[in-house]
Amino acid sequence: MPHSTRSTFPRMHKTMTTRVLIATLLVWAIGVTGPDWLMSDRAVGATLLAQQPAPVDEFVPIDELPPQDQLPAAPLLVTAYAFVVLALFAYVGSLVRRLGGVQRDIERLHADLKRPGRS
């Protein structure tokens with residue numbers, strides 16, 4: 001009895017349908033906006049380049065810099081690094097705890113194998 005490819009490969013069919021849908025939406029979005037979005041990115045880049053201050057050739061302490069030139073995201077950066085370090089420690093702690101359980105299971109099985117009367 002012949003069967004359809006759709007029932008044999010349901011995941012592949014769903015994946016291909018999703019890809020075709022995404023490609024169609026992308027082509028539609030580019031067609032609606034037109035090529036003007038490429039030019040607007042270049043204009044924004046040129047504006048940002050024109051707003052850049054002249055480079056300073058001498059050392060200026062951070063306390064003497066204007067507030068917009070200081071690093072306003074420093075607390076966020078420190079928080080992000082602290083979160084990553086804490087997550088890493090939690091993960092390593094979880095691994096240690098689980099490996100301890102595995103070690104106890106291995107020791108219990110080893111003791112069961114050594115016990116006399118085992119058939």
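# Reading a salt-bridge network and a nonpolar patch

Modeller: The structure holds two salt bridges, a salt bridge being a side-chain nitrogen of Lys or Arg within 4 Å of a carboxyl oxygen of Asp or Glu. This is a predicted model, in which local features need pLDDT of at least 70 and side-chain atom pairs count only at pLDDT 80 or more, while totals for chains, interfaces and linings use all residues. Residues are numbered from 1 along each chain as its sequence is written, and side-chain values use heavy atoms, with hydrogens and water left out.

Colleague: Which residues are linked in the network of salt bridges?

Modeller: The network links Arg-108, Asp-112 and Arg-115. Between Arg-108 and Asp-112 the closest N and O atoms are 3.6 Å apart, and both residues lie in helix α4 (residues 74-114), four residues apart, about one turn of the helix. Asp-112 also meets Arg-115 in a salt bridge, at 3.9 Å from N to O.

Colleague: Why does Arg-108 count as partly exposed?

Modeller: Buried means under 20% relative accessible area, exposed over 50%, and partly exposed in between (1.4 Å probe, protein chains only). Arg-108 counts as partly exposed because its relative accessibility is 46%; Asp-112, at 25%, is partly exposed too, while Arg-115 is exposed at 52%.

Colleague: Which residues make the nonpolar surface patch?

Modeller: Patches are made of residues with over 30% relative accessible area and no salt bridge, like charges being joined within 9 Å and nonpolar side chains (Val, Leu, Ile, Met, Phe, Trp, Tyr) within 5 Å. Leu-88, Tyr-91, Val-92, Leu-95, Val-96 and Leu-99 make a patch of about 580 Å². One of them, Leu-95, is in helix α4 and is partly exposed at 31%.

Notes: Helix = DSSP H or I, 4+ residues; strand = E, 2+ residues; numbered from the N terminus. Areas by Shrake-Rupley, 256 points an atom, 1.4 Å probe, with all protein chains shown as cover.
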